Amino acid sequence: MRVAQVLPTAFVFHIGRVAARGLTAILVLAGLLAVGPSLAAETAKATVASQPPGVAIASAHSLSTRAGLDTIRAGGNAFDAAIAVSSTLAVVEPISSGIGGGGFFLLHDASSGRDVFLDARETAPASATPAAYLDEKGELNRDRATNGPWSAGIPGLPAGLVHLAQRYGRLPLATSLAPAIRIARDGFPIYARLEKGYGSRRAVMERYRGTRAVFLADGTPPMVGETLKQPDLARTLELLAEKGHAGFYRGEVAKKLLAAVREESGKWRADELAGYQVREREPIRFRYRDWAITTAPPPSSGGVALAQMLQILEGWDLAKLDQPDRVHLVAEAMRRAYRDRTIYLGDPDFVKVPVARLASADYAAGLRAAIHPDKATPSALLSGQPAPLEDDETTHFSIVDAEGNRVSATQTVNLLYGSGMVAPGTGVLLNNEMDDFALKPGTPNAFGVMGFEANAPEPGKRMLSSMTPSFIESDAQLALIGAPGGSRIITQVLLAILAYDAGMDARQVAALPRFHHQWMPDAISAEPGALDAATVAALQARGHTVNAGESTWGNLQTVLWNKQANTLEGGSDPRNPVGRAEVLLVPAPPLR
Ligand code: DON
């Protein structure tokens, strides 16, 4: 079975792939083919490797993947590598994420066997009342919501990095941050996406003197082939390395951030910075066929939506269906989950999110029962209010190390280059995550997504996210998955899970053409090659609107450990030519 049948023929990335280590594993696999499924499952259980044969990292830039591997070589574990990858992405992908933004880190600590969801999402400053985002006519002030200081939440990523180092890492923060500091100081080559993104945000970015100092340092906008140096950002990262939380949230950096916000007529308080804290949350867990899924809880909407969609879809054997049937059912599952996202999801520290009910098998069974096998359910017939789409920045990385530690992390400044505003003297580009709140109930945000009370802004509250860093594990395999793409993140992760379940490898999963439905607008969006003409016609005959051949989206970064063959592989999304997945083998233990 293939979720989408056409795969790109060329994969332009280096993908590390490790041959099976150990004759036993090979013999067992050969045996499995001969002896049939039940005995095979028994045998497989008895012979899977207990630890990966090395380290695999997939991230959206080759420099961040390399920074992670160098940190492992320096004696670090996956958590130290995650700090290196995250902070390097913050330097080389300012369009997507940064220490002026936030993120989620899904961790598995091999020594304790514990899974933890580290929530380093931004929080709303007290000044961010709903009224502050309305214009004189009572309409949403979109400039305020997406540009400059009012669009920015209190950053969470620096606290996330400090927490990772203190609780989970093995190396000093200064060592894990060293690659990012070096690259910020010495510079890195500007690539096409940075240049193009700057072009589309230029008018906003050049309003701010701090931004001009970084991006117009040589008098002209960033261009491919030039080197982008960020010495102030290097200094800020050094202070974080030296002083931990206080290096960013108090003292020199905090003073400059507060002054920058004030200079542009925004309002942040010193205690809001000093008081920022990450949260450790229990991940959402559920089963889909042979897989144990571990994924993002609120304030992400991703895990709840995944649980709904996959448990709805478990009612069918998708592998036995033809493409029109399969896409119809998957789209109907997507439609229902996104309706609930709009209504129920928000920050669990502020609102009661009915996670247990929404993520339950019984609730999914009820939703499944109302899906017509041959007819689209018009979204307007599902109770609730309309929502729509998001775009494609943000960044994800996946890491597995040789001890079995895992990090699946998604981080963001929200829109291209976040708020567009760099705080002078810090190199910190502030996020525009406030737009992820339902600033005006029922009014779509920059991407058309909206919400209601559950996601209304309140002081200290986290805005609802779609970021969905996930693990999926069967007896035979473990995969880490995640992607950027706003509301399209969750469906990318869904399709990736279905693709792994169908037997694809990591490269195929990252390259897989995508389709998406999010309740409102009531249409299936599809990338070129995702749905063939016959499928489009069959879906239309069932009442679906199909926007086939939209431009591509997402930037999925995944790693896969095959526990039976004891191989590691990575898949870096071919839509992003600067991404990279690599495997580093650790030497095999000496024979006794
Ligand atoms: O947290 C979220 O869901 C969004 N702020 C992510 C934004 C994204 O993936 C791409 N945006 N252009």
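This is a predicted model: local features need pLDDT of at least 70, side-chain atom pairs count only at pLDDT 80 or more; totals for chains, interfaces and linings use all residues.
Close-up 1. As a general point, strands of a sheet pair through backbone hydrogen bonds, in either a parallel or an antiparallel arrangement.

**Close-up 2. Strand β18 between its partners β14 and β19.** Strand β18 (residues 557-562) is mostly covered, with six of its six residues buried. The burial extends to both faces of the strand: Q557, V559 and W561 lie on one side, while T558, L560 and N562 lie on the other. Strand β14, made up of residues 477-481, pairs with β18 in the antiparallel sense over four bridges, and here L478 stands opposite W561. Strand β19 (residues 567-572) also runs antiparallel to β18, to which it is joined by six bridges, and in this pairing V559 faces G570. The strands β18 and β19 form a hairpin with four residues between them, and in its turn N566 adopts a positive phi of about 50°.

**Close-up 3. Strand β3 and its antiparallel neighbours β2 and β6.** Strand β3, covering residues 114-120, is mostly covered, since six of its seven residues are buried. Strand β2 (residues 102-109) runs antiparallel to β3 and is joined to it by seven bridges, with G103 standing opposite A120 of β3. The hairpin of β2 and β3 has four residues between the strands, and G113 takes a positive phi near 75°. Strand β6 (residues 279-281) pairs with β3 in the antiparallel sense over three bridges, and in this pairing F117 lies opposite R281 of β6.

**Close-up 4. Packing of helix α15 against helix α20.** Helix α15 (residues 323-344) packs against helix α20 (residues 533-541) at an angle of about 55°, and their axes are 9 Å apart. The two helices are therefore oblique to each other, and α15 passes α20 in a right-handed crossing. On the α15 side the contact is made by Q323, P324, V327 and H328, and on the α20 side by T535, A538 and L539. Sorted by class, this contact of α15 with α20 comprises four nonpolar and three polar residues, with no charged residues.

**Close-up 5. The enclosed helix α6.** Helix α6 (residues 157-167) has nine of its eleven residues buried, so this helix is largely enclosed by the rest of the structure. The buried residues of α6 are L157, P158, A159, G160, L161, V162, H163, L164 and A165.

Notes: Residues are numbered from 1 along each chain as its sequence is written. Side-chain values use heavy atoms; hydrogens and water are left out. Axes are lines fitted to C-alpha atoms, for helices over the stretch in contact, and angles run from 0 to 180 degrees between N-to-C directions. Angles under 35 degrees count as roughly parallel, over 145 as roughly antiparallel, 65 to 115 as roughly perpendicular and the rest as oblique. A crossing is left-handed if the near helix is turned anticlockwise from the far one by less than a right angle, and right-handed if clockwise. Contact means heavy atoms within 4.5 Å. Ala, Val, Leu, Ile, Met, Phe, Trp, Tyr, Cys and Pro count as nonpolar, Asp, Glu, Lys and Arg as charged, and the others, Gly among them, as polar. Buried means under 20% relative accessible area, exposed over 50%, partly exposed in between (1.4 Å probe, protein chains only). Two strands pair if DSSP finds at least two bridges between them.
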